Amino acid sequence: MATPDHAENDLQPFFVLHKALVQKSERKSSGSRKIRRRIELSPISAKNAEKMEIGTGEERDDHHYEHLRMEAFNFVWSKIESTIKDVLRNINLNVFNEIHRWVCESFDAIKSCGTTLTKATHSYPIVTDATFRQLFTGLVFTKNMEFVDDLMTFEELGLHLKSHGCHVANLSSIDFSANNGIGGCLRSLLRQFLMVTLDAADISILASWYSDQGNYNKPVVVIIDDMERCCGSVLSDFILMLSEWAVKVPVILIMGVATTLDAPRNILPSNVLQHLHVSKFLLGSPSERMDAIVEAVLVRLCSGFCVGYKVAAFMRNYFLRQDGTLTSFIRALKIACVEHFSSEPLSFMLKALFVEENSQGFWSEEHALFPEEMLKYAFDLPSCRRNNTEERTGENLAHDLSELKRLQKCWSTTVLCLYEAGKYNKIQLLDLFCEAVVPCLGNSTASNHHLGSGISSSSDHSIHHQYLISEKCSFICQAIRKVRDLPVVLLYQLLKSWEKLTEDVIEIHDKVKELQSLLKFENGKSLKQDLTNIPKRHTSRSHLNMDKDSKVLNEKAARLMETMVRDYMQPVECIPFHEIVCFKNVDKLQSESWGED
Amino acid sequence: MGKEESPQITRRTTRSSSSTPILKNGEETTKTSEPHPLTINDLVFGGEPIKLDELLSSFPGRRIQILELMRLLGPLNSPMLPLFLYGGTSTGKTSIILQIFRHLNRPFVYSSCLTCYSPRILFESIMNQLLLHRKNADNGYASAKRCERPSDFVVSLREALTNVLNTLKENSGKSSSRKPAGQANGRMIYLIFDNLELVREWDKSSSILPFLFELYDILNMPEVGLIFISKVSPDAYYSDRGYVEPIPILFPDYTEDSLRQIFMRNQANPKLYSSFLDVVLRTFSRITRRVDELSTAFSPLFKKYCEPLSDPGLVPNEDMKRKLFSHLQPHLAPALNEIFKVQSQPSPEVEAKQEKVKRKSNANKLGGREAFDEIDFHMSTSAKYLIISAFLASRNPATLDASLFDSTGGSDNRKRKRKSSEKSMEQKETAEQELLMKGPGTFPLERLLAIFQCLTSVVESSLGEDQQINEGLGAGNGDSGLMSDVLLQLSSLCNANFISKGGSCPLEGSTRYRATISEDLALKVARSLKFPLSKYLYRG
């Protein structure tokens, strides 16, 4: 499959996808100057700046707030970035541990074949049994055709194994190019293991190195990031060569496969394949990872920064239809973040509002010093103007902001509860999230549609309404319906997870508790503590008995969910002052991420 | 020479004393001691010497070859002509020659042209072994001598060989009365070149291969024996250069009986394994006679075979055998067809199974989602359309594009198809065969993009349900179509080996592409998009 000009089409996506990201970070790191200039260029901020300048006429103040915004951006973004990193690491951790266990088992199996150190450096093969000449190979399926997302994954896998006492080398398709041939990949291998660069690299050197005192008795793991992109003949030679030195150097191969099991079959000839003793590992799929990231960053609001429904829809579309990589999703998020902090004058409050523990203290000190213009600007925000009756004081602003925070908390709790229910129906959080941020005019009518109760109020012309009509049944409604259909055991699990999720929102928490106690009471005889272990037959029997009761319970739980959606799931764009924390300018984001048309 | 001699004598005693424990708890003893300097005695196979009887019995079906080899190698210190061992993969060539040298305890230098993938590395590997050089961190893992050209190699080889032979001569003269275990026999040294067939691919000018064959004449040293091992017969090496042709020794494929004997070696429960072989050997040996392939196929099967047994030491009776066979039978056919077996780690497999069960139960309710799950990796929607376009471009003749993608869509195509099938079934079949033989066709980028645009515009106008959701969510950005970054997607598909980029066509001068995905995968992708692929596919 390897074409001669493989290397040519090799770097393209890699390069393009990363270019923008690098640029961004450069922009950030090269100082705030660029951003500042952008602020002045962008029409909105220019207007804002004008506004403020008219009032104060003081440049110094302006710079002060710009500096604050810059600071807030750095803070928020680093928070988001580290959260994403943690999330991805946690997702991979189980697989990594599994791989490590397998590496240890394989190594034991190799050692059991028995070899002596003196033989290890001999040039002739010492084993004749074909099963021992097989290489232990782990295929790690990344489940994404694009491999960009997994560059870091394999690096971290390497680090993980290294920290558990393996020798690890990370190779990639660049090392397996037809131009450099087998010498290229051996050189790179030796460079990583021996820390020397040799012009005549050959694998006997690896054997000599391995028989050194310090290196002996540890597994040697070779990780190949992206086997699809490797030149087939070079990879075959490499595998054959390793199998000739099998046992003498206990190499364990780990190969990343982006597509299907057919990939190795297509690339490698059968005489090579039969040298592989293959095990299979699955990484989290992109949508799983996406859900995890969305949960941590956009639903749990790790930084306070959030996006409007149009932006969310744009990002979702881009992920599903255009690109399909987390890398570009994160990139879009970053662009949104940069844009937000450069265009929204009050965005600096984000840091103080969401990150500092006693935000109240901060406000009491700060809002006194708040320039009049800022307050005026804040109360002139479209979201505030809508029901603008209160006095324009710093206290009120602070109060409204903490209210905003509380409402967002309720919102995220509700979305997470929905997600828990939706999980049983394979509903993805990304879809739920995009639906939950859509603002609606009348809460009650919208919620009617959520319930799918069939009452279609023709007067309602909210976006949400249109949306629901077009879709017939929304994800939210699907999730709620699922609650109705859940068997009792799953319902119990669901309530348990709700109990955990709603801990911070007392009103809901109490109701969940109440439901739980009802469930326990009604099914007290049949439900043991270890519900998860109940065999199917048993549950179905209890189901028969309690059919009616549990149906009532299901109905109650669904009601609760409906109430939560109606009363607590207020999309951010319906809350006053949301402009401070929420980025909505989808056109800007689009032109930034796709380039100007 | 004397310099080399003195450490050798002291070593000899330590080596002989340590050589016995090496076999039992070798790892421990050798690991703690510093690696000793290499001596001439490290050129023998080492370990416990093996008797001729043992040698013969450990290689069933190879008696003739072993005896022939022994005859050609001759008694101690007799010169010999170059040998050429050939035969298919895994017919025992390398193992037998190594075990013969273990039996004879004569010094040899082994180099495999697989490990030594270039002339330089081959030369240096031979020199390192002759010069008793060990690469380590202290010498920067460098070779003892740098030789890149054959002429350099000959000079240093001759020098090194003379030294080694002198040492051997001294040794054999001195210690004829009292011979330590590890001591090399005789005054001959043998150079073994394994995997010789690979040398043919090294350089197109093919100077190395004749050089190796001529080495015997070039060196002109009767004390040096040359042995070539190759998977292909001597006919494949053009021997019109007038050098002494090596003596060919053929290692034919094993017979079924020999295979049985080979597999019966070292079995814990011979009766049980014999009954297992009764079941599998005949069918498998029709497909392959290669010991390596068979043994990798047998080891999991035997485990399966033993599964119903409570005690692996049991001697099965007829009844039991029948039971075991019926247990094994369903696994036989897949094992015959597949040499590439994938072991899933237990935990995800179980999960996947559970998921499958769950999915099945949900299948009725959620037809769409179910179909989406069938491709087990993520691809963006536009990449999916692109790959379908590429598949169509590869499968359909270019002349048909216009009729397929006109306003009437695929309805026109159906009629044509039926007509042709009415015409004559035979013709259609041959055409299909031809298509299969030809494989996927190539296409220029422009054609791919045109088809892609047709497909996406058709889809976007007909607005499938899925599409509408996206439209709804994407309210506000009208141009969220599928057309952006197509070239980027194309290069991703190339990287994933779904589309291969061929050489440029001499007439058009532009790069041509070819879709290399199977119809199965294409259909899966189409299903996930709810795209009626079969409607657009031209068949015979």
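The dialogue below concerns a predicted model.

Student: Which strands form the open sheet of chain B, and in what order?

Tutor: Strands of a sheet pair through backbone hydrogen bonds, either parallel or antiparallel. Here five strands of chain B form an open sheet in the order β2-β3-β4-β1-β5, and the pairing is parallel. The edge strands are β2 and β5 (247–251) of chain B, each of which pairs on one side only. On average, neighbouring strands of this sheet are turned by 15 degrees against each other, direction ignored. Helix α7 (residues 208–219) of chain B packs on the sheet and touches β1 (83–87), β3 and β4 (224–230) of chain B. The direction of α7 makes about 175 degrees with that of β4(B).

Student: Which way do the residues of β2(B) point, and are they buried or exposed?

Tutor: In a regular strand the side chains alternate between the two faces of the sheet. In β2(B), Phe108(B), Tyr110(B) and Ser112(B) point one way, Val109(B) and Ser111(B) the other way, and all are buried.

Student: How many bridges join β2(B) to β3 (residues 189–194) of chain B?

Tutor: Five bridges join these parallel strands. Tyr110(B) stands opposite Ile192(B), and Ser111(B) has Phe193(B) as its bridge partner.

Student: At what angle do helices α13 (residues 309–322) and α20 (residues 429–436) of chain A pack?

Tutor: They pack at about 155 degrees, with their axes 9 Å apart. The helices α13(A) and α20(A) are therefore roughly antiparallel. Their crossing is left-handed. Residues making the contact include Phe319(A) of α13(A) and Leu430(A) of α20(A). By class, the contact has six nonpolar, no polar and two charged residues.

Technical notes:
Residues are numbered from 1 along each chain as its sequence is written. Chains are lettered from A and ligands numbered from 1 in the order in which they are written. This is a predicted model: local features need pLDDT of at least 70, side-chain atom pairs count only at pLDDT 80 or more; totals for chains, interfaces and linings use all residues. Side-chain values use heavy atoms; hydrogens and water are left out. Buried means under 20% relative accessible area, exposed over 50%, partly exposed in between (1.4 Å probe, protein chains only). Helices (H or I, at least four residues) and strands (E, at least two) are DSSP runs, numbered from the N terminus. Two strands pair if DSSP finds at least two bridges between them. Axes are lines fitted to C-alpha atoms, for helices over the stretch in contact, and angles run from 0 to 180 degrees between N-to-C directions. Angles under 35 degrees count as roughly parallel, over 145 as roughly antiparallel, 65 to 115 as roughly perpendicular and the rest as oblique. A crossing is left-handed if the near helix is turned anticlockwise from the far one by less than a right angle, and right-handed if clockwise. Contact means heavy atoms within 4.5 Å. Ala, Val, Leu, Ile, Met, Phe, Trp, Tyr, Cys and Pro count as nonpolar, Asp, Glu, Lys and Arg as charged, and the others, Gly among them, as polar.
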